[in-house]
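Please look through the sequence and the model shown here before reading on. The paragraphs after it go from one chain to the next and then to the places where chains touch.

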Amino acid sequence: MALTLDDVKRVAHLARIAVDEAEAQAVLDQLNGVFLLIAEMRAVDTRGVEPMSHALDVTQRLRADAVTEPDQHDLFQAVAPHVEDALYLVPKVIE
Amino acid sequence: MKWETVIGIETHAQLSTKSKIFSGAATAFGAAPNTQACAVDIALPGVLPVANREAVAKAVRFGLAVGASINRRSIFARKNYFYPDLPKGYQISQYETPIVQGGALAIFVDGAEKIVRLTRAHLEEDAGKSLHEGFHDFTGIDLNRAGTPLLEIVSEPDLRSAQEAVAYARGLHALVRWIDICDGNMQEGSFRCDANVSVRPAGSDTLGTRSEIKNLNSFRFLERAIEFEVRRQIEIIEDGGTIVQETRLYDAGRDETRSMRTKEDAHDYRYFPDPDLLPLSVEQAWVEEIRSAMPELPQAKRSAFVALGLSPYQAGVLTASRELAEYSAAAFAGAAAPAELANWITGALSARLNDEGLDITASRITPAQLRALAARISDGTLSGKMAREVFDAVWAGEGDPDAIIAKRGLKQISDSSELEKICDEVIAGNARQVEDYRSGKDKAFNSLVGQVMKATRGKANPQQVSEILKRRLAG
Amino acid sequence: MHNATISSLAAELASRRLSSVELTRHFLHRIKQLNERYNCFVTLDEARSLQQAQAADGLRAEGRAGPLTGIPLAQKDIFCARGWRTTCASKMLSNFVSPYDAHVVEQFNAAGAVILGKTNMDEFAMGSSNENSCFGPVRNPWKEDAVPGGSSGGSAVAVAARLAPGATATDTGGSIRQPAALTGICGLKPTYGVVSRYGMIAFASSLDQGGPMARTAGDLALMLNVMAGFDARDSTSLEREREDYTRGLGQSIRGMKVGLPREFFAEGASAAVTKAVDAAITELRKLGCETVEVSLPNMKLSVPVYYVLAPAEASSNLARYDGVRYGYRAPDYADLTDMYKKTRAQGFGAEVKRRILIGTYVLSHGYYDAYYIQAQKVRRLIARDFAEAFKACDVIMGPTSPTTAFRIGEKAGDPVQMYLSDIYTIAVNLAGLPGMSIPCGLDGDGLPVGLQIIGNYFAEARMLNVAHQYQQATDWHMRMPPGIQ
């Protein structure tokens, strides 16, 4: 099952990456190559096998409820593209 | 055609922890922008989440309070979408395996109990805030709220009217405050409801297409929004149209819901288990530890009050909050007639608290004082009017009811021989009114009662006075 | 001086015959002379490095020096270091000065080590040739038109070209071991969870693991002693007792059982690689190791599984690069969505975008079960193969890479061919096992071949032991690239 140009455009939109027609076509060919490689895995019989999300079978450690982080917004915002009144600015969002 | 409304509610309750669900930043409301957004909250490259034990404990507490099952192992997943108030480009939530599954909440509508089933409750992180005012062409992003722990509580579509939806939301609100997992401050966004609303022909058992109304931050808005939405949907269907599944926003100013376009294309959330967070394990021993620290729940308290002789309605009102229930229980302890006392709490006391904008915990009359006051009514010492006077005096800080009664000489005259003597004197001194009464003028009787009350300076029991007068005048 | 190992430099520093400032100056001088040729460092800050060196000398004067105090090391540009530009070799982060230290950086700072500079890499650690860098490709000192491997190509070359005695690196599918093999040095990827990922910019969280690169197994052990350890800020960091990874280096390896997976020797590897690895196995037999054939029947599926799981995690991990809070933002855009799309289209390189698109696709509605869940199930089958194999042996060995260093540009146009260069390393990450690569020979063109050693969970000390013993008997790790003096 090969991907289509529409798949590439849909996925690029979901991932918020601009692609023009020519790029989409080039990416499509490469992705189809990769999915051909991946196809090998899809045929494997995995009935009864538990998916493995983590390398080790351990459970989550939890931390105590304590405030440990001081205000550092000046430092953090020194590398921000657009800040005013300590707010990160983005193009107007219309809801 | 007759229509049936079907509503399910998703509630986001901010869990009242000191620090965020996955970082050590503070969660206090109202801080200056981005001063409580640490490296993890703003998703700097390389940072990682570590879950807050207290947030998990509060979720378990909720699960136990609604009789749900607590999953021994639950999974944090990533919900992927782009939005400027979502710094990582995904929200850490629970998807396939939530921490709390099932459970139910009892609500009261028009005096009848209804059981609303819960689907699940899961832990997740709150997003930041987008500020649309104040910047030309820009939206400002404040990430202080990003990472605040949320418990998303999802009900089954069991609600059939806006009234039921409000009763459910109120019940849930009371419960999360009762068990101390959420401060319930709706204005600050600590408790927010989304309503999934659909309509179907009465008698049908298939669900209609629903719309999701977001961000209903008051019970009134919840009610209005649902009422509007139901009307809108019925109109569309009756005009031959179809309902589109969509997210809508309630506009309180216009009292209407409208479509939210910005969230429309983001429906493919690409959930997958968060590889940064291992499975969340909740051991039985921990559950038991949390269970043993639980306060008595509203349901149990309600039953206890009904057993004391209160009506189910009164019991419901007095268990609307843990503070009120605790006040009431303290007042009832050793009281001769708890039901009467309950009337004082729901009546005079509530009205006074309301007038002065006070919470029950700030009441100027203690449960013991209120109980003493009620006892003086029961034993005939105080008339209703006198009782109000004593109540006001206690409220004003003049001391305990008995001291005030003694100081002001507020003892009701209930000695009938004394009263009969005064009545005889009034009859003797008001021949014309007696004549008028006997010739059928009822008004004259009231005047005689008034004379007696005046003579006793209000200390007589008016009912007793009219009985004596009637008997004497008939003789 | 630059040809000395970390342990001998440490001895020099300890004897006060050498100061950290002198040592650091020496390396900085070499870097200035040679970096243009190899392009292995992307950020240098001489003043900062020398300040650290001075502080290290101060510690020593106060008698508070540890084993690595004063040793200058290169940091892969994937580790956040406070005050240092930290880019992941991406235009997206080309202006990002980190406000905080990664756990690994913190550990080295606490040990008194000196940061020499930040090393080049494949963008966001995605690549096997170090050609996917916004700073341009890194060149292999053994042959300058050849790639050094990737993604930790800059760190590997810094060590191979004697521009640093050791370097940090990360390995998601072979990014420590493959470049180590291609540049004739040693590299170790620890068991998943041994080195904290805090501050190590994420590629694929369930596979990423930091580790050391150096010229000897002994030096790897010294570095790992600093890097490994519990960190409460990483939920996947393991709470284990501290280990001294140097403790077993000198032990005899007589009787150690070396598993040789049939699949590693069947086909795929070049004749020169197979020959060098065979010779290494022969040498180990001489040292008393027993060899036993084992099988990893599902290993062939590791590349396809990896190219589902790693891109899936990456597509989500890299969603934070949106031009809002830090990093690159496109200069012109119509609205918010356009800003996102242009920022990410311009800020990411071709390979990163390709993997984000693959990952987004396999997680998207209707494909999740067929791709992502299936890949996780096969991942378990692969991990089980290793568990089975380790019932019969102590360590597993085979080639690190199917070929020696290939020409720059040779595989750049064919992602699948590039992906297959990690055929022997990826399974180790999927299972979460420790793996290392040490030099074991040269091919006909004089290019180095790497021997891969795979251990069971937490068997790093044992792997280092066998590697060290091999290095006591051979001198492949002492060979220098031509032109390096």
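Domain bounds here come from an automatic or database domain assignment. For chain B, that assignment gives domain 1 (3-289), domain 2 (296-408) and domain 3 (416-474). The model is a predicted one, and every value below is computed from it.

How far apart are the C-alpha centres of domain 1 and domain 2 of chain B? They lie 37 Å apart. The two domains do touch: eight residues from domain 1 of chain B and eight residues from domain 2 of chain B take part in the contact. On the domain 1 side, strand S7 (104-109) and helix H2 (162-178) of chain B each supply at least two residues. H2(B) provides the largest share of that side, namely four residues. Sorted by class, the domain 1 side has six nonpolar, one polar and one charged residues.

Chain B also has an open sheet of three strands, in the order S5-S4-S16, with antiparallel pairing. Strand S5 (90-94) and strand S16 (272-273) of chain B are at the edges, and each has a single partner strand, so one side of each is left without a neighbour in the sheet. In general, strands of a sheet pair through backbone hydrogen bonds, either parallel or antiparallel. Between strand S4 (residues 76-80) of chain B and S5(B) there are five bridges, and these two strands run antiparallel. Within this pair, Phe76(B) is opposite Gln94(B) of S5(B).

Next comes a loop of chain B. Asn34(B) is in the loop between strand S1 (3-14) and helix H1 (53-65) of chain B. Its phi is positive, about 65 degrees, although Asn34(B) is not a glycine. Is Asn34(B) buried or exposed? A residue counts as buried if 20 or more other C-beta atoms lie within 10 Å of its own. Asn34(B) has 29 other C-beta atoms within 10 Å, and therefore it is buried. Ala43(B) lies in the loop between S1 and H1 of chain B. Ala43(B) is a residue other than glycine with a positive phi, near 55 degrees. Because Ala43(B) has 25 C-beta neighbours inside 10 Å, it counts as buried.

In chain C, consider helix H4 (residues 103-110). Which residues of this helix are buried? They are His103(C), Val104(C), Val105(C), Gln107(C) and Phe108(C). As a general rule, an α-helix has 3.6 residues a turn, so residues three or four places apart point the same way. The cover over the buried residues of H4(C) includes strand S2 (72-76), strand S4 (166-171), strand S6 (209-214) and helix H7 (217-227) of chain C. After H4(C) comes Gly112(C), with a positive phi near 85 degrees. Elsewhere in chain C, Gly150(C) and Ser151(C) are joined by a cis peptide bond, with omega about 10 degrees. Ser151(C) is in the loop between strand S3 (114-119) and helix H5 (153-160) of chain C.

Finally, there are the contacts between chains. Chain B gives 25 residues and chain C 34 residues to the contact between them. The chain B side of this contact has 17 nonpolar, three polar and five charged residues. Chain A touches chain C too, with 43 residues of chain A in contact with 54 residues of chain C. Helix H1 (5-14), helix H2 (21-42), helix H3 (73-77) and strand S2 (87-91) of chain A each supply at least two residues of the chain A side. H2(A) gives the most to that side, with 10 residues. By class, the chain A side has 29 nonpolar, seven polar and seven charged residues.

Technical notes. Residues numbered from 1 in each chain as written. Chains lettered and ligands numbered in written order. Predicted model: local features only at pLDDT ≥ 70, side-chain atom pairs only at ≥ 80, totals over all residues. Contact = placed C-beta atoms within 7 Å. Nonpolar A, V, L, I, M, F, W, Y, C, P; charged D, E, K, R; others polar. Buried ≥ 20, exposed ≤ 12 C-beta atoms within 10 Å, placed from the backbone. Pairing = 2+ DSSP bridges.
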